[in-house]
Amino acid sequence: MKRRVVVTGMGMVTPLGDGVDTNWRRLLAAESGIRAIQAFDTSDLATKIAGEVPVGDREAGHFNADLYMLPKDQRKVDKFILFAMAAAKQAVEDSGWKPQDEEGRNRTGVMIGAGIGGLQTIYETSLVLKERGPRRVSPFFIPSALINLASGQVSIEFGFKGPNHSVVTACATGAHAIGDAARLIEWDDADVMVAGGAEAAICRIGIAGFNACKALSTDFNDTPTMASRPWDKRRDGFVMGEGAGCLILEEYEHAKKRGAKIYAEIIGYGLSGDAYHITAPSEDGDGAQRAMKAALKRAHLNTDQIDYVNAHGTSTMADVIELGAVKRTFGADAYKLSMSSTKSATGHLLGAAGAIEAIYAIKSVIDQVVPPTLNLDEPDEGCDIDLVPKQAKQRQVRYALSNSFGFGGTNACLIVAPV
Amino acid sequence: MSDIAERVKKIVVEHLGVEAAQVKEDAKFIDDLGADSLDTVELVMAFEEEFGIEIPDDAAEKIQTVGDAIGFIKGNAKS
């Protein structure tokens with residue numbers, strides 16, 4: 001019999017703040033984490049806004065890096081690893097999982113991914129190399145920038161010696177990491193996995209690069225909270241966010257045996273590829289549709305059982321392609337479910353998006369409420385299903401589905417259930 | 001020249017996150033101050049930067065204690 005995988009811990013840091021409770025409260029209150037970029041000069045950039053993680057006092061819901069890593073160690077990691085460590089520490093503490101013996105440590109693994117990794121570190125080190133030569137390149141440059149060092153650092157911090165792996169599938173990273181880690185538990189390669197995604201690409205080279213792809217919003221620099229507006233007629237590109245999300249995934253009997261609190265079960269996971277274009281999704285939404293169908297099949301669910309879809313919904317032209325795929329996947333049942341894009345509040349956290357959105361989907365099945373799509377003033381043509389405009393909505397949520405799609409035509413879909 | 005010793009100790013405190021009182025001249029970077037091999041590379045780079053000198057790899061390998069560093073720099077410093 002297949003081993004069941006449940007969620008026993010959650011942690012996150014996002015533009016809405018530090019911690020799951022802060023995030024969920026602000027999300028349901030329809031607050032936005034988007035603002036004018038404060039970290040660097042944007043005068044020559046087309047995009048001047050983003051979802052930066054608010055730094056400050058944790059009591060106020062802000063991010064205090066010193067709570068998660070000693071200052072001397074913070075210097076040796078890119079910010080994406082710092083965010084990953086914060087989310088992982090929150091999740092591990094929340095789960096209460098502390099392996100007491102070598103076997104327990106060997107059966108606990110880590111799979112945290114990122115879309116881009118240490119972009120700012122690579123940028124800064126390139127300048128050092130050009131201006132001052134190779135002898136001034138830090139010995140910590142490579143381990144600071146490597147994507148799998150998020151998993152590596154977390155494993156070292158906690159002594160988790162099980163599978164140590166990392167996902168790199170652009171904006172689908174977080175969802176793939178959770179789905180793949182769940183499979184490692186299903187297949188008995190581990191009993192517990194720390195799984196999620198992290199990203200910190202809000203830097204000059206990151207904004208310039210996505211601007212060059214014409215992917216970012218540029219029309220709302222003076223009104224940042226209005227910039228991320230999935231399915232709205234005036235949407236003009238995504239807004240970049242940063243942060244991390246981590247789940248503690250655990251084999252069901254293992255969790256029950258130690259009396260852990262169980263938030264939800266990962267019951268469905270589907271993957272597909274578009275084989276179409278490097279940055280655009282296939283226009284017929286075929287890849288998205290096949291990922292959702294695969295997840296439904298794995299979950300043994302019918303289309304009338306999904307009550308909430310946390311959309312990929314990035315506030316780009318692709319929003320309507322995803323909506324079309326949902327309509328074709330769910331048929332008439334698409335008009336009974338609620339679908340929202342929490343990126344309207346957080347911006348797009350790239351490799352962390354799928355992880356934080358899985359947490360939001362889990363919260364929706366626990367609390368029986370769906371978070372809103374901010375700024376949905378005038379839905380685009382054909383956007384006629386319930387997209388939860390502007391206000392959270394109490395409703396029955398039996399099962400929730402979360403979509404994540406990435407550059408390169410990579411699609412992942414997760415389905416979560418209450419236990 | 002005691003200024004050099006103070007500047008070396010300050011760099012060690014900053015980079016290794018240790019208390020100033022621990023940074024004695026006979027303290028070994030790896031055994032006593034918790035450094036790993038990458039930390040020692042970074043420390044040598046920081047000494048080069050601070051004192052405007054070049055520490056060749058074979059000399060760097062011999063710098064294992066705080067006193068070794070102060071000694072090398074006193075013998076080679078321009079500033």
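Modeller: The largest pocket has a lining of 34 residues, and those nearest its centre are Thr279(A), Ala280(A), Pro281(A), Thr316(A) and Ala318(A). Two or more lining residues come from each of α11 (286-299), α12 (319-330), β14 (399-406) and β15 (410-417) of chain A. The model is predicted, so local features need pLDDT of at least 70 and side-chain atom pairs count only at pLDDT 80 or more, while totals for chains, interfaces and linings use all residues. Residues are numbered from 1 along each chain as its sequence is written, chains are lettered from A and ligands numbered from 1 in the order in which they are written, and side-chain values use heavy atoms, with hydrogens and water left out.

A pocket is found on a 1 Å grid over the protein atoms alone: it is an open set of points where a 1.4 Å probe fits, with protein on both sides within 12 Å along at least five of seven lines, and its lining residues have an atom within 4 Å of a point. Helices (H or I, at least four residues) and strands (E, at least two) are DSSP runs numbered from the N terminus.

The volume of the largest pocket is about 640 Å³, where a volume is the space filled by probe spheres set on grid points joined across faces, edges and corners. Its lining holds 12 nonpolar, 15 polar and seven charged residues; Ala, Val, Leu, Ile, Met, Phe, Trp, Tyr, Cys and Pro count as nonpolar, Asp, Glu, Lys and Arg as charged, and the others, Gly among them, as polar. Because domain 1 (5-264) and domain 2 (269-417) of chain A both give residues to this lining, the largest pocket lies between them. These bounds come from an automatic or database domain assignment.

The second largest pocket has a volume of about 550 Å³. Of its 24 lining residues, Arg75(A), Gln120(A), Thr121(A), Glu124(A) and Thr125(A) lie nearest the centre. Here α5 (119-132) and α6 (141-145) of chain A, together with α2 (37-51) of chain B, each give two or more residues. Helix α5(A) gives the most, with six. By class, this lining has 10 nonpolar, five polar and nine charged residues.

Thr125(A) belongs to helix α5 of chain A. Its relative accessible area of 13% makes Thr125(A) buried (buried is under 20%, exposed over 50%, partly exposed in between, with a 1.4 Å probe and protein chains only). Beyond its neighbours within four places in sequence, Thr125(A) is in contact with Val137(A) and Phe141(A), contact being heavy atoms within 4.5 Å.

Another part of chain A is helix α1 (residues 20-28), whose buried residues are Val20(A), Thr22(A), Asn23(A), Trp24(A), Arg26(A) and Leu27(A). They pack against β1 (5-14), β2 (17-18), α3 (79-95), α13 (343-346), α14 (353-367) and β12 (369-370) of chain A. Strand β1 of chain A includes Met12(A), which is buried at 0% relative accessibility. Just after α1(A), Ala30(A) has a positive phi of about 60°.

Finally, the whole structure contains zero disulfides over all chains, a disulfide being a pair of cysteine sulfur atoms within 2.5 Å. The sulfur of Cys213(A) lies 11 Å from the closest cysteine sulfur, in Cys171(A), which is too far for a bond. Cys171(A) is buried at 8% relative accessibility, and Cys213(A) is partly exposed at 41%.
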